[in-house]
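Dear colleague,

Please find the structure below.

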Amino acid sequence: MTRYIDVNDVSKLVQDVGMTRVLNSMASYIEQDYRRWHTFEKTARLASHSADGVIELMPTSDAKLYSFKYVNGHPKNTKADLLTVMAFGVLADVDTGYPLLLSEMTLTTAIRTAATSALFARFLARPDSRSMALIGNGAQSEFQAIAFHDMLGIDEIRVFDVDPEATDKLVRNLAHLRGLRVVRGASAADAVRGADIVTTVTADKTNATILTADMIEDGMHINAVGGDCPGKTELHADVLRRARVIVEYEPQTRIEGDIQQLSAKFPVVEFHRVLSGEQKGREFPSQVTVFDSVGFALEDFSALRYLHAVAHERDIGIELDLIPAPHDPKDLFGLAAGVSHVDLVRRAVVVRDETVIHQ
């Protein structure tokens, strides 16, 4: 049987155990999997681009489990009261090919993205970081704010969005957090000034320059989340040239990340090399670091692995008859026709017996 988890199940999980616990648990799963980087099959995601958005498939496997996520990105959707990003995913057993879990991944992707951002920042931001500018106050912003507040001790969030209503929404949703001061910025430059960490999470599919070189200060860590497909960037190229750039999976980030603006020779460091100790995340306190975040399939694998474990632990979701289970695995037609091999044999016996009687 395949376990199915829907949006309501994930929402109830968050409400029951708390957002911070889910974020921390998911970050732990992601870190575990990055630390065994070389056990995974890796490929850039498969993307189908249109004028208004993109639909992507993100697969990976560690030879025991296989996962994929279907996800879209359509910034114009909000004009029709639709989500910009929505997703679902599957976790399967490699040995049999049978799916173990079918899950919503819209809420889950928002959580795993924030967990990944905060996890990377643990290794890249200055340890004494306490303030973060949050540019782009849409659907992902609360998750980012809560993750950095809980996992890194950020106690001041400076927020800005070109849509004041988005900022109003963010301020309302963060009002309950103890120990977190939320400050409205008059502009992106105003919000960024003096911040230890800058998170950009804008949605427009365009080569934007949310951050320019004159806005960057020594020692900043930049968590660039919104630039995640060809033709969609947030950082001026000079910001990247000034920084030490960390990526998830270089072949994918070269296509989709902010570094798509630069030559293939521009140096970057994959995060797994930082975890293994092969490379330093931050080499000296005044260095500017950038996490050029695009989202990688391994993180979805980790998220699905976490959901599968917690679903069985807490009896979340339902069991689905997603895969046929005929009495004879070679007789799939019998299942489709509503008659099994056993039924056909029984009918043949009846016909034979009736023929004998009539004779």
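Ala63 is exposed, with a relative accessible area of 58%; buried means under 20%, exposed over 50% and partly exposed in between, computed with a 1.4 Å probe on protein chains only. This is a predicted model, in which local features need pLDDT of at least 70 and side-chain atom pairs count only at pLDDT 80 or more, while totals for chains, interfaces and linings use all residues. Residues are numbered from 1 along each chain as its sequence is written, and side-chain values use heavy atoms, with hydrogens and water left out.

Ala63 sits in the loop between strand E3 (54-61) and strand E4 (65-73); helices (H or I, at least four residues) and strands (E, at least two) are DSSP runs, numbered from the N terminus. Although Ala63 is not a glycine, its phi is positive, at about 80 degrees. Most residues other than glycine have a negative phi.

Asp81 also has a positive phi, near 60 degrees. This residue belongs to the loop between E4 and strand E5 (87-93), and Asp81 is exposed at 73% relative accessibility.

Turning to the helices, H1 (residues 7-17) packs against H2 (residues 19-34) at an angle of about 110 degrees, with the axes 6 Å apart. Axes are lines fitted to C-alpha atoms, for helices over the stretch in contact, and angles run from 0 to 180 degrees between N-to-C directions. H1 is therefore roughly perpendicular to H2 (65 to 115 degrees; under 35 is roughly parallel, over 145 roughly antiparallel and the rest oblique).

Yours sincerely
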